[in-house]
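Please look over the chain shown here. The report below takes up its fold, its strand pairing, its charged pairs and a spot on its surface.

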Amino acid sequence: MKRTVTALIAAGALAVGLSAGPRDAVAEPRTFTLDPAHLHVGFLVEHIGFAKTLGVFTEVEGTVVFDEAAPALQSIDVTVQTESVHTGHDRRDGHLRSDDFLAADDHPEMTFTLTGAEQTGERTGVVTGDLTMRGETHPVSLDVVWNKSGRYPFGDEQYVVGVSARGELQRSQWGMTYAVDNGLVGDTVEIIIEAELIRQDD
């Protein structure tokens, strides 16, 4: 799921037609990396119908190569460490790492690979990619919003793109069927992503 969210976000930057000022416009593909200090890959899952449980993945890495001026996306490579799942409850986190859910021992990583991106508005788009989790690969789509791109007004003034993404998946597609039939744990997983990507080699 991590990979999913992260890769989708990066792809979303292109999908929504990111634009830059004259000074920073890029006429060639550049590499952007996810900023771990400004990255939140979260999820919501219904618990017995009473409320939704919020969780995050704390270890996510990813790179995106695209031409911001075009815009044209070349590649996305995102990896999420499944062991890093965190919901604020140790026993529940341990269960999520077990074979009932993420099977972290046998499948320590989740990955996302871009397959398509469609611009739907001046600052919005839909990103689609293949999410591999628990050894199975299925498509996932996210609605992405480009929030801002530009240089930080402090520090090293690095060039950053900020995006938000939302989507959902059915965990049972990846073999996570625990408590689906009896309705104790929802099958639908809502994806929540807030991310900043740093342009490299400035």
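The text goes from the whole chain to single side chains.

This is a predicted model, in which local features need pLDDT of at least 70, side-chain atom pairs count only at pLDDT 80 or more, and totals for chains, interfaces and linings use all residues. Residues are numbered from 1 along each chain as its sequence is written, and side-chain values use heavy atoms, with hydrogens and water left out.

**Overall make-up**

The chain holds two helices and 10 strands. Helices (H or I, at least four residues) and strands (E, at least two) are DSSP runs, numbered from the N terminus. Their order from the N terminus is α-β-β-β-β-β-α-β-β-β-β-β. The chain has 202 residues, and 46% of them count as buried. Buried means under 20% relative accessible area, exposed means over 50%, and partly exposed lies in between (1.4 Å probe, protein chains only). The accessible surface of the chain is about 9700 Å². Carbon and sulfur atoms supply 48% of that surface. Areas come from the Shrake-Rupley method with a 1.4 Å probe; for residues, only the protein chains shown count as cover.

Contacts (heavy atoms within 4.5 Å) reach along the sequence. Of those with a separation of 6 or more, 65% join residues 24 or more positions apart.

**Strand pairing around E2**

Strands pair if DSSP finds at least two bridges between them. E1 (30–47) and E2 (51–57) run antiparallel, joined by seven bridges. Gly-42 stands opposite Val-56 in E2. The hairpin of E1 and E2 has three residues between the strands. E2 also runs antiparallel to E5 (residues 85–86), with two bridges. There, Phe-57 stands opposite Val-85 in E5.

**Salt bridges**

Side chains of opposite charge can pair when their charged atoms come close. A salt bridge here is a side-chain nitrogen of Lys or Arg within 4 Å of a carboxyl oxygen of Asp or Glu. By this rule there are three.

| Pair | N to O distance |
|---|---|
| Lys-52 and Glu-190 | 2.3 Å |
| Glu-83 and Arg-97 | 3.6 Å |
| Arg-166 and Glu-194 | 2.8 Å |

Start with the salt bridge of Lys-52 and Glu-190. Lys-52 lies in E2 and Glu-190 in E10 (residues 185–199), so the pair ties together parts 138 residues apart in sequence. Lys-52 is partly exposed at 46% relative accessible area. Glu-190 is partly exposed too, at 24%.

Next comes the salt bridge of Glu-83 with Arg-97. Glu-83 sits in the loop between E4 (72–81) and E5, while Arg-97 is in helix H2 (residues 90–97), 14 residues apart. Glu-83 is partly exposed at 45%, and Arg-97 is partly exposed at 24%.

Arg-166 has a relative accessible area of 38% and is partly exposed. Glu-194 is partly exposed at 28%.

**A nonpolar surface patch**

Which residues form a nonpolar patch on the surface? They are Ile-48, Phe-50 and Leu-184, with about 320 Å² of accessible area together. Patches are made of residues with over 30% relative accessible area and no salt bridge; like charges are joined within 9 Å, nonpolar side chains (Val, Leu, Ile, Met, Phe, Trp, Tyr) within 5 Å. Ile-48 lies in the loop between E1 and E2. This residue is partly exposed, at 37%. In the hairpin, Ile-48 takes a positive phi near 55 degrees.
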